[in-house]
Amino acid sequence: MRTDTGRIIHLADYRPTDFVLERVDLTFELDPEATKVEARLIFHRREGTDPAAPLVFDGDELTLSGLLLDQMEMAPERYTATPDSLTVRDLPESSPFELTITTIINPQANSQLMGLYRSSGIYCTQCEAEGFRRITYFPDRPDVLAPYTVTIIADKAANPLLLSNGNYLGGGNFDEGRHFAAWFDPHPKPAYLFALVAGDLGVVEDTFTTMSGREVALKIYVEHGKEPRATYAMDALKRSMKWDEEVFGREYDLDIFMIVAVSDFNMGAMENKGLNVFNDKYVLADPETATDADYANIEAIIAHEYFHNWTGNRITCRDWFQLCLKEGLTVFRDHEFSADQRSRPVKRIAEVRHLRSEQFPEDAGPLAHPVRPDKYREINNFYTTTVYEKGSEVTRMIATILGRDLFKKGMDLYFERHDGEAATVEDFVKCFEDASGRDLGQFSLWYNQAGTPHVTVTADYDAAGKALTLEIGQTVPATPGQADKKPMHIPLDLAIVLEDGTIAVPASVDGAEMTGSVLHLKEARHTVTFTGIASRPALSLNRSFSAPVIVRYEQKPADLALIARHETDLFSRWQAITDLALPALKDAARAARKGEAIQIDVTFAEALLAVAADPALEPAFRAQALTLPSEADIARELGGDNDPDAIHAGREAVLTAIARAGADAFGSLFDAMAAEGAYSPDAASAGRRALRNAALLYRTIAEDAPALAAEAFAKADNMTDLSQALTVLAHRFPEAPETHAALAAFEARFAENALVIDKWFQIQATIPGEGALARVMRLKEDRHFNENNPNRVRSLVGAFVFSNPTGFNRADGAGYRFLAEEILRIDAKNPQLAARLLTSMRSWRQLEAGRAELARTALVRIEREALSNDVRDIVDRTLK
Ligand code: 0A1
Ligand code: ZN
């Protein structure tokens, strides 16, 4: 483990390399414990650089076992090798030269899952961000691009399959039962996109004919016997390929596209050129074992990795500070894909829920950083929701500001201008400026200023003059290293909703530029006047969530109810319902905090119940209306001095009030949404299940008995219904005999399916209340628990610390002490996983004083130990 290297890397220090890499030729002789890697690299000195400059390679836990210059052994005084670098001196001044570097590595011992490692007997690689340097010494940075030839040699019986990037060149047999395969990737790529997979796997095959008529072989490799569970992923892949041609004009560029599913993976998936490697959780699905959410995730992640072929691979990042260039843009692309495949408003609601619950807290806490950071200590810690999701929102705002056609023109220009290059955020923005003639200078602050902007609005309606005046202010909160912020360009989509529910078309707008329904806020304060407004209106602000901001506008419940009924933008209808429920949730939490009786006025629930029962609306949307803000959302709204037990108690009281107010409605909904025909994972059927399960939850709350959920569990014919029923049972009646029976039946039925057992752990890890910790500790001793499998650790420890606010934030601090011990143990094996789990502490300062002090003590306990660079970075920033 690289411990505590401590160096801070700054964007301002970026320099191109002294040497240009022309070609890479790799040979792997695979062995579980001693794999020999021979790298032949052809370089020339970059023109205009110091002719005496040495060539410095990155390494990580490497030992050099051979070094040749143009096939001749190098004299030891001409180079210096350490585990993390190789420096070669006295290299030719002008002519190209070839260095042959040999290393021996141990894939079996690689528990970090970076570089070349073994997962269930399969050799696989993970090189983003800096894993390639664990395979061989290399200029391991994204602006060093070259074509690769790869030869893999291995025992044939154990490894019939030998895969790498690009097109297959050929293969053959060697003696002693060994064989080889060679691959060539003509597209210059950085090392982080390198991949190798070897082993014995089953395959699902198909083909895709591209828009220019080329046939591409598609292969998805999974463990033998799991092939039927990869057919949905294959379908999603073909739909993604077609969509990228139709919407972005992007065609695939190799003869073959491969996906390999592995069970040990630190993240979701990886876009290696022509050879994506996936966490099997995002490939494998069938109705018996996958939920509707699993299907939606598979579709989105298959698309995301495929879309990287253009946004990330053909055009890559100049340096890791530009990570959002590929990630924010590619998330935007996969969001648009899912919106087109499913329901656009429902997808948008889900995106915004996710952004608010994950990215807003990050942006408001000690780990806040700009979409494009300007310094980092450990790049692995910057694969964040800020870079990904806020990065996507920033791209979406460019599309909103320019409009569809100019956005498309800008994207086309970007693909044309930068194909084959390692680009920057500035390059990207410039394409939109050049395509549209607009100045995006102020807009670019979105990349550089951290923190979620607050937009405050007050309204004044002049009935005599039929004029509406808005006072609009914006502030961007201080974040680590950024005390003072400049006003941002905020595209605020809005609707002025009249008493009769129609949307007003103002006669004039004064005080800010407006294009269509989008108001462009650019100053700290605007006074905006709309004329020709016939009656006192309600205001629907930030429609479709046009900007990732927090809007503060006091609106009467009657006005919110008007919007909830009449807005044409469905996202805004959902937002109005949420805004109606929030005061009740906050008041209830405050009352519980003070130990007062919780009083709930349920008039707010009328709008929610009306939407839930409205047959003109799609069921998935109605289910969203019934899903209250989470406890984390309420905590964020309360804004500090938080007591998770009080928030939980308050939310429970609100749920109960809604359940009672809507008792009849939920009964009819539950029946009306019964399955129609055989199971199908399509979005419409998933929506019906979502609405039915929401009704089940409210009915169970009203009855305060496990019978209905137990019956739903017994009758379920798909994993969505089964796991929902089990969740209701376990979370509401953890000690009921029905729950024990259901948990045991579930475990027995799915004991052989790791992804389903992950759900079993996760459901139990998130049972609220003080008893959760003891349960989690018991489950750590369960025969199914496996500390070396990241999915399993996330499903138990991760679910507990991220998704069980009352259990984790126990008032005695035992949850935090547990986390500290887990972090220290996991860090020794898998620093990336440990660092990510530790980000669960990012909002510790928002807790009430007693818990906050206990949380701090646990952080200090971690801080005092020898740590990986990953965990050191997170703990230091979290405590600062
Ligand atoms: N580029 C991938 C994310 C990714 C990043 C780092 C990894 O290392 C373990 C793995 C995957 C994506 O955006 O999907
Ligand atoms: Zn990505």
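The legends below accompany close-up views of a predicted model.

**Figure 1. Overall view of the chain and its secondary structure.**
The chain, shown here as a predicted model, contains 27 helices and 33 strands. Its radius of gyration is 28 Å, close to the 29 Å that the globule rule gives for 880 residues, so the chain is as compact as a globular protein of that length. Taken along the principal axes, the C-alpha atoms fill a box of roughly 90 × 65 × 60 Å. Of the 880 residues, 51% count as buried, and residues 24 or more positions apart account for 70% of the contacts with a separation of 6 or more.

**Figure 2. The shell of residues around ligand 1.**
Ligand 1 is surrounded by Gln 126, Glu 128, Asn 266, Met 267, Gly 268, Ala 269, Met 270, Glu 271, His 304, Glu 305, Glu 327 and Tyr 383. By residue class, this shell divides into four nonpolar, four polar and four charged residues. Strand β20 (269-270) and helix α2 (292-307) each supply at least two residues of the shell. One of the surrounding residues, Glu 128, is joined to Ala 129 by a cis peptide bond, with omega near -5°, and Ala 129 lies in the loop between β11 (122-126) and β12 (146-155).

**Figure 3. Two loop residues with positive phi.**
Most residues other than glycine have a negative phi. Asp 90, although not a glycine, has a positive phi of about 55°, and it lies in the loop between β8 (85-88) and β9 (97-105). Asp 90 is partly exposed, with 13 other C-beta atoms within 10 Å. Phe 545 likewise has a positive phi, near 55°, and is found in the loop between β32 (538-541) and β33 (550-552). Phe 545 is buried, with 21 other C-beta atoms within 10 Å, a count to be read against the cut-off of 20 or more for a buried residue.

**Figure 4. Helix α24 and the helices that cover it.**
Helix α24 (residues 814-829) has 16 residues and reaches 24 Å from its first C-alpha to its last, close to the 22 Å expected at 1.5 Å a residue. The buried residues of α24 are Gly 815, Tyr 816, Phe 818, Leu 819, Ala 820, Glu 822, Ile 823, Ile 826 and Asp 827. Among the elements that cover these buried residues are α21 (772-780), α22 (790-803), α23 (805-808), α25 (831-838), α26 (849-863) and α27 (869-879).

In helix α17 (residues 707-715), the buried residues are Leu 708, Ala 709, Ala 710, Ala 712 and Phe 713. Their cover includes α16 (683-703), α18 (719-732) and α19 (737-750).

Ala 564 is found in helix α9 (residues 557-566) and counts as buried, with 26 C-beta neighbours inside 10 Å. Leaving aside residues up to four places away in sequence, Ala 564 touches Arg 573, Ala 576, Ile 577, Leu 580, Ala 607 and Val 611. From Ala 564 to Glu 358 the distance is 25 Å, C-alpha to C-alpha, and the two are 206 residues apart in sequence. Gln 599, by contrast, is exposed, with 11 other C-beta atoms within 10 Å, and it lies in the loop between α10 (570-593) and α11 (605-613). The C-alpha atoms of Gln 599 and Val 654 are separated by 9.2 Å, although these residues are 55 apart along the chain.

Terms used: Residues numbered from 1 in each chain as written. Chains lettered and ligands numbered in written order. Predicted model: local features only at pLDDT ≥ 70, side-chain atom pairs only at ≥ 80, totals over all residues. Near = placed C-beta within 6 Å. Helix = DSSP H or I, 4+ residues; strand = E, 2+ residues; numbered from the N terminus. Nonpolar A, V, L, I, M, F, W, Y, C, P; charged D, E, K, R; others polar. Rg over C-alpha atoms; globule rule 2.2 N^0.38 Å. Buried ≥ 20, exposed ≤ 12 C-beta atoms within 10 Å, placed from the backbone. Contact = placed C-beta atoms within 7 Å. Expected span 1.5 Å × (residues − 1).
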